[in-house]
Amino acid sequence: MKLIRIIILIVVCSGFSQAQVDSVYYGSQEPIKKAKEKNDAWKEKLLWGGNLQAWIGNPTFILLTPTIGFTPFEKFDIGIGGIYNYTSYRSSYGSYSQSIFGGHSYVRYTIGESYFVQVQYDKLLQPDLFSLEPNKKIWIDYIFVGGGFCQAISDKLALSTSIMYNVNHNFLSIYPSRLIIQFGITGRF
């Protein structure tokens, strides 16, 4: 009888106790929390870079255009950036220099692995050379179309060269000719 009391006591106590649950055989008491996944795919679509144009001598012309872009579709890039331009000229009548600021945007489509076509819009705040006021500045729009070649130098970095045609060239243009050759760098994050 003593053995039966011990067995009953063990069965009753085990019903009230909180024993370890083996989730392999019986399932878990609580839902398993999944680690929150980082969604970094958008970073792979971001671009950074810019162009450099320079004529050194008389006249001197330097143009810097840092850019950030995005690839919404494969082989199709859009971007925006800033522009800084410095120009100086010396003659027997004196010397002249100016700094110009503005912004730009572009749309680029890559053909194959290395070639691209591009449309670019620049808006620059520059001196009004025809004004009677010596320091007057006005906004001028520039539209470029062209294409180029891009050469990868690593998995996330490429050098590019492009020839762009200034569609709306006018007398106030800061660019010396309608054809512009640009050298740039493009990287991915």
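1. Start with what lines the largest pocket. In this predicted model, the lining residues split into seven nonpolar, eight polar and eight charged. The lining is made up of 23 residues, and those nearest the centre of the pocket are Thr110, Glu113, Cys150, Ala158 and Arg188.

2. Which elements give two or more residues to the lining of the largest pocket? They are S3, strand S4 (94-111), strand S6 (137-152), strand S7 (157-166) and strand S8 (179-188).

3. Now for the second largest pocket, which has a volume of about 280 Å³. It is lined by 16 residues, and Phe61, Thr87, Gln98, Ser173 and Ile174 are the closest to its centre. S2, S3, S4 and strand S5 (115-127) each give two or more residues to this lining.

4. On to the overall fold. The protein has two helices and eight strands, and along the sequence they run α-α-β-β-β-β-β-β-β-β. In other words, the pattern opens with α-α and then goes over to β. The eight strands close into a barrel in the order S1-S2-S3-S4-S5-S6-S7-S8, with antiparallel pairing. From one strand to the next, the twist averages 25°.

5. A handy residue pair to check here is Gly50, whose bridge partner in S8 is Ile185.

6. Two other strand pairs deserve a look. S7 and S8 are antiparallel and share nine bridges; Ser160 has Gly184 as its bridge partner in S8. Strand S2 (residues 60-73) and strand S3 (residues 76-91) are also antiparallel, with 10 bridges. Within that pairing, Leu63 has Asn85 as its bridge partner in S3.

7. One residue I'd zoom in on is Met164, which lies in strand S7. Is its side buried or exposed? Met164 is buried, because its relative accessible area is 0%, and the cut-off for buried is under 20%.

8. What does Met164 touch, leaving aside residues up to four places away in sequence? The list is Gln118, Gln120, Phe144, Val145, Gly146, Gly147, Arg178, Leu179, Ile180 and Gln182. Gly146 shows how sequence and space can part ways: Met164 and Gly146 are 18 residues apart in sequence, but their C-alpha atoms are 4.3 Å apart.

9. Last, two totals for the whole protein. Of its 189 residues, 28% count as buried, and Met164 is one of the buried residues. For contacts between residues at least 6 apart in sequence, 47% join residues that are at least 24 apart.

Key. Residues are numbered from 1 along each chain as its sequence is written. This is a predicted model: local features need pLDDT of at least 70, side-chain atom pairs count only at pLDDT 80 or more; totals for chains, interfaces and linings use all residues. Side-chain values use heavy atoms; hydrogens and water are left out. Two strands pair if DSSP finds at least two bridges between them. Helices (H or I, at least four residues) and strands (E, at least two) are DSSP runs, numbered from the N terminus. Axes are lines fitted to C-alpha atoms, for helices over the stretch in contact, and angles run from 0 to 180 degrees between N-to-C directions. On a 1 Å grid over the protein atoms alone, a cavity is a set of points where a 1.4 Å probe fits but cannot get out, and a pocket is an open set with protein on both sides within 12 Å along at least five of seven lines; lining residues have an atom within 4 Å of a point. Ala, Val, Leu, Ile, Met, Phe, Trp, Tyr, Cys and Pro count as nonpolar, Asp, Glu, Lys and Arg as charged, and the others, Gly among them, as polar. Grid points are joined across faces, edges and corners, and a volume is the space filled by probe spheres set on the points. Buried means under 20% relative accessible area, exposed over 50%, partly exposed in between (1.4 Å probe, protein chains only). Contact means heavy atoms within 4.5 Å.
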